[in-house]
Amino acid sequence: MRILSGLQPSGRLHIGNYFGMMDAALRLQHEGDAYYFIADYHSLTSIHDAPKLRSHVRDLAIDFLACGLDPQKCVLFRQSDVPEVTELSWILSTVTPMGLLERCHSYKDKIARGIAASHGLFAYPVLMAADILIYDSDVVPVGKDQKQHVEVTRDIAIKMNEAFGEGLLKVPEPRIREETAVVPGLDGQKMSKSYDNTIQLFEDPADLKKKIMKKLVTDSTALELPKPIETSTILPLYKLVASPADYDAMVADHQRGGIGYGDFKKRLLEALVSYFTPMAERRAEIVADPGYVDRVLAEGAEKARAVARKTLARVRAAVGLGD
Ligand code: ADP
Ligand code: TRP
């Protein structure tokens, strides 16, 4: 089973990215042949600053490794180290109906957030389809907001197969972890860097404390009263990082009353720190050895490119390019 996913290098990771996509992707590395990449071509739709893009790419590679990506088990690479994917993207674009792209929520959301409406942004799902199809991927672990893009990929693969021969491209499946489909942010909305409500994965401990104790929104229920479960901003975050027994105890304490939000927040803070500290320590080790990241990315690029070249050759032959 070939597993593939990508993340845009768009700044420091937050725990929504981690629990929405990365954690699931890292668990899957033990179940099959996993390919994970840093989607720097995609980031060009929003970042036009070369040093910034390069430093984000490096940070994301380090984050992947710090979170447990094992380069012996899976292939980690930079999307742009496999330029074949842009050629496949062009070929795919010639069978992609405009209406399919016009329906994509992500494009509309990004325009609404002020990202320039470039052709690249509109064609973003076609490049993503090329990313997935060029590696003959079976399974694509992504957050809920990327599910539509995987469906677009399936439609494009089916159209290619109808036009140029059954079995030309493998039709992939999305893999969404429903229980953590949307991680809430400090204000209770979806955690997103565009809403300024994130908890970063490798947050400075003092900032983390300030965010949890001061910025995480709670209601005004009096200390002695039971606290609402459904609307809690603390419980869904705690569930991600606490043991099931500790989580159940916090739910019971909400229902009982007599404990204030400050107390629950302290428990959340402790659970976050103990969950992410080992990864932060690993991150510091990786940062101290820059050659390691370069080696991992170079080996990853070589392996990924070998697969991509084969698929592209097959597609070029099927559509009538070259001799
Ligand atoms: P952001 O919303 O901060 O810009 P991205 O759109 O770059 O995040 O998302 C990168 C990946 O992380 C995607 O697979 C996305 O589905 C996942 N993701 C982002 N935010 C969340 C969240 N709050 N809950 C679950 N998954 C998320
Ligand atoms: N669009 C994805 C995101 O913003 C990143 C991505 C690019 C991707 N190509 C992909 C994810 C292929 C999965 C498969 O998060």
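1. The largest cavity has a lining made up of P71, C74, V75, L76, V296, E299, G300 and K303. The model is a predicted one, and the volume of this cavity is about 50 Å³. Sorted by class, its lining residues are five nonpolar, one polar and two charged.

2. Which elements each supply at least two residues of that lining? They are β3 (75-78) and α13. The largest share of the lining of the largest cavity is that of α13, with four residues.

3. How many cavities of 30 Å³ or more does the structure hold? There are two. The second largest cavity has a volume of about 40 Å³, and the residues that line it are C104, S106, Y107, K110, L121, Y124, P125 and H149. Two or more of these residues come from each of α6 (105-112) and α7. The lining of the second largest cavity divides into five nonpolar residues, two polar and one charged.

4. Next, an open space. The second largest pocket has a volume of about 370 Å³. Its lining consists of 18 residues, and those nearest the centre of the pocket are S89, H119, G120, A123 and Y124. Two or more lining residues are given by each of α2 (40-43), α4 (84-93), α5 (98-102) and α7 (119-134). Among these elements, α7 gives the most to the lining of the second largest pocket, namely seven residues. By class, the lining of the pocket has ten nonpolar and eight polar residues, with no charged ones.

5. The axes of α4 and α13 (residues 290-319) come within 9 Å and cross at roughly 30°, so α4 is roughly parallel to α13. The crossing of this pair is left-handed. On the α4 side, the contact is made by E84, E87, L88 and I91. On the α13 side, the residues are R305, A308, R309, L312, V315, R316 and V319. The residues of this contact are six nonpolar and five charged, with no polar ones.

6. What is the angle between helix α10 (residues 234-241) and helix α12 (residues 261-287) where they pack? The angle is about 30°, and the axes lie 9 Å apart; therefore α10 counts as roughly parallel to α12. The crossing of α10 and α12 is left-handed.

7. The residues of α10 in this contact are I234, L237, Y238, L240 and V241. They meet Y261, F264, K265, R267, L268, A271, L272, Y275 and F276 of α12. By class, the contact of α10 with α12 has twelve nonpolar residues, no polar ones and two charged.

8. To draw the points on α13 together: this helix supplies four residues to the lining of the largest cavity, and its residues R305, A308, R309, L312, V315, R316 and V319 take part in the contact with α4.

Methods: Residues are numbered from 1 along each chain as its sequence is written. Chains are lettered from A and ligands numbered from 1 in the order in which they are written. This is a predicted model: local features need pLDDT of at least 70, side-chain atom pairs count only at pLDDT 80 or more; totals for chains, interfaces and linings use all residues. Side-chain values use heavy atoms; hydrogens and water are left out. On a 1 Å grid over the protein atoms alone, a cavity is a set of points where a 1.4 Å probe fits but cannot get out, and a pocket is an open set with protein on both sides within 12 Å along at least five of seven lines; lining residues have an atom within 4 Å of a point. Grid points are joined across faces, edges and corners, and a volume is the space filled by probe spheres set on the points. Ala, Val, Leu, Ile, Met, Phe, Trp, Tyr, Cys and Pro count as nonpolar, Asp, Glu, Lys and Arg as charged, and the others, Gly among them, as polar. Axes are lines fitted to C-alpha atoms, for helices over the stretch in contact, and angles run from 0 to 180 degrees between N-to-C directions. Angles under 35 degrees count as roughly parallel, over 145 as roughly antiparallel, 65 to 115 as roughly perpendicular and the rest as oblique. A crossing is left-handed if the near helix is turned anticlockwise from the far one by less than a right angle, and right-handed if clockwise. Contact means heavy atoms within 4.5 Å.
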